[in-house]
Amino acid sequence: MTATTDARGGDDGETELGRQLATLALSCVQPSGSMEAIAAASWWNMLARLGIQLPLVVVHDFGLLLSRGREGRGREVVAPPRAATGAVVSRYHALLTTVAGSEIIDELGSSPLPDDAVAVILARIMGDVYLRWPGRPRPGPRREVDELPVTSPLFERPRATFAANRDTGWALPFLQRLCDLDRAVLARLDQIDAGTLRLLGLFSLDAGLADLADLYRLITTPGTADVVDFSLQLLPSLLETKRRPAAQRFSIDGYASVERRGSLDALLPGELAHDDDGFALKALSDDLLFYGHERQQESGRKLHYVLIDASASMRGTRQVFARGLALALCKKFSLMGGEVWVRFFDSRLYDRLDIGGAGRRDLPRLLCFRSERGRNYTRVFSDLAVEIARLRREQGRDIALTFITHAECHIPVAIVEALARDAYLYGIFVQPSKPLDLEYLPRLHRHQVVTADSLSRPADKRRRALDIVEDAASG
């Protein structure tokens with residue numbers, strides 16, 4: 001946001017920051033210092049992107065309770081400051097005490113929550129209250145401040161000076177409404193699925209945070225909890241397997257090759273037979289020969305292409321198993337060092353998701369994706385055959401195609417044969433209601449059938465999924 005200057009010469013962002021920091025005089029959660037205020041300002045900015053602009057004291061206090069596992073120390077709810085005594089603040093203190101003692105706060109505090117997770121939880125539990133707050137900012141001709149600065153000397157100033165110079169009364173109506181709707185707030189908090197946040201924690205932050213809107217949709221969309229629970233049953237078993245592309249070493253068993261570059265102790269003995277001038281000339285011309293102890297992996301990264309059927313026939317039990325299995329496959333393939341592409345399909349192919357390298361960013365889309373289209377498998381796999389042929393022809397990619405679908409996934413044999421020429425085909429058919437009878441099955445390199453009996457018991461479902469992951473990874 002580009003800062004603007006008002007008629008009095010003050011910066012809009014700094015002015016709003018001072019107004020918000022003044023409300024921290026009402027804070028009832030300790031410890032609380034400049035770093036906590038900066039964290040609260042960061043959460044406030046994320047909430048503002050979701051269209052919610054709360055008094056900073058609420059973001060600060062609730063955010064610290066949610067994130068208390070981050071610093072490995074607890075957050076204590078203390079009595080309201082003397083300058084902030086009153087019925088509203090006392091009720092607010094009582095609500096914070098109840099929240100701090102809730103089971104979900106203990107569960108969320110068992111592991112550190114990233115900032116985006118804290119922000120969307122705050123949006124979830126405060127959204128209804130915010131809509132019922134008469135003092136919420138309204139869109140109008142006057143431009144609202146979009147974000148608070150998170151680098152400002154104001155964070156170091158004593159909060160008492162802000163409260164003395166600015167009116168904090170504007171925040172009290174929101175605290176009043178928050179306390180009036182305390183049961184709704186606690187109910188929203190109890191609806192937060194800690195498993196979803198644990199699942200996000202299994203993916204690296206290297207590729208950036210998830211889109212806030214996608215993450216908010218993830219924690220508010222019904223039906224994702226079952227997929228999350230199943231995924232959490234599978235992923236811990238896969239995290240011990242990790243292989244990185246690196247040099248192969250042959251320092252004990254022998255030499256890998258003869259190279260033009262190397263260290264002096266690896267110089268071929270015959271090179272020492274040259275006279276001084278000849279040796280210097282060969283050295284300057286890079287003509288000396290060395291034993292090579294290392295050889296870099298020369299093959300390109302394998303491309304694992306995972307397709308997930310999102311048609312209406314995959315709803316319910318099939319969807320839970322398919323998405324949990326797909327996520328486990330993606331994690332396994334990425335840990336093995338391959339590149340992973342994921343796409344949903346029904347009557348068309350949807351945009352690619354990068355669950356391997358940017359799982360944390362695209363995971364909400366994988367869990368929440370819902371198709372409203374019909375089925376056209378001929379079109380889908382015909383388009384896919386063209387794409388894979390191009391990747392093979394132009395980039396020389398080594399491609400393994402895994403698709404998860406049901407027993408009515410009818411594909412013309414000619415298209416499957418074309419795909420099999422350019423990729424390793426692995427089909428997974430979930431819960432067929434009758435014996436599998438598809439003409440193209442013999443053209444697949446491998447396929448798996450997941451029966452209703454395998455899905456009827458949690459232990460069998462987990463074992464079946466892990467067996468498929470290991471089998472697919474060995475192909």
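Helices here are DSSP runs of H or I at least four residues long, numbered from the N terminus. With that in hand, open up this predicted model and go looking for its salt bridges, of which the structure holds 19.

Start by selecting helix α19, residues 458-473. Show the side chains of Arg463 and Asp460: they meet in a salt bridge, 2.9 Å from N to O. Both residues sit in helix α19, three residues apart, or about one turn of the helix. Now colour by accessibility. Asp460 comes out as buried because its relative accessibility is 19%, and buried means under 20%. Arg463, at 48%, counts as partly exposed.

While you're thinking about shared partners, select Asp214, Arg217, Asp362 and Arg365: salt bridges join these four into one network.

Asp471 is buried at 19% relative accessible area, whereas Arg446 is partly exposed at 36%.

Last stop: helix α16, residues 377-395. Select Asp383 and Arg379, whose side chains meet in a salt bridge of 4.0 Å, N to O. The two are four residues apart within helix α16, about one turn. How accessible is each partner? Asp383 is partly exposed at 40% relative accessibility, and Arg379 is partly exposed at 44%.

Note on methods. Residues numbered from 1 in each chain as written. Predicted model: local features only at pLDDT ≥ 70, side-chain atom pairs only at ≥ 80, totals over all residues. Heavy atoms only, no water. Buried < 20%, exposed > 50% of the residue type's maximum accessible area, 1.4 Å probe, protein only.
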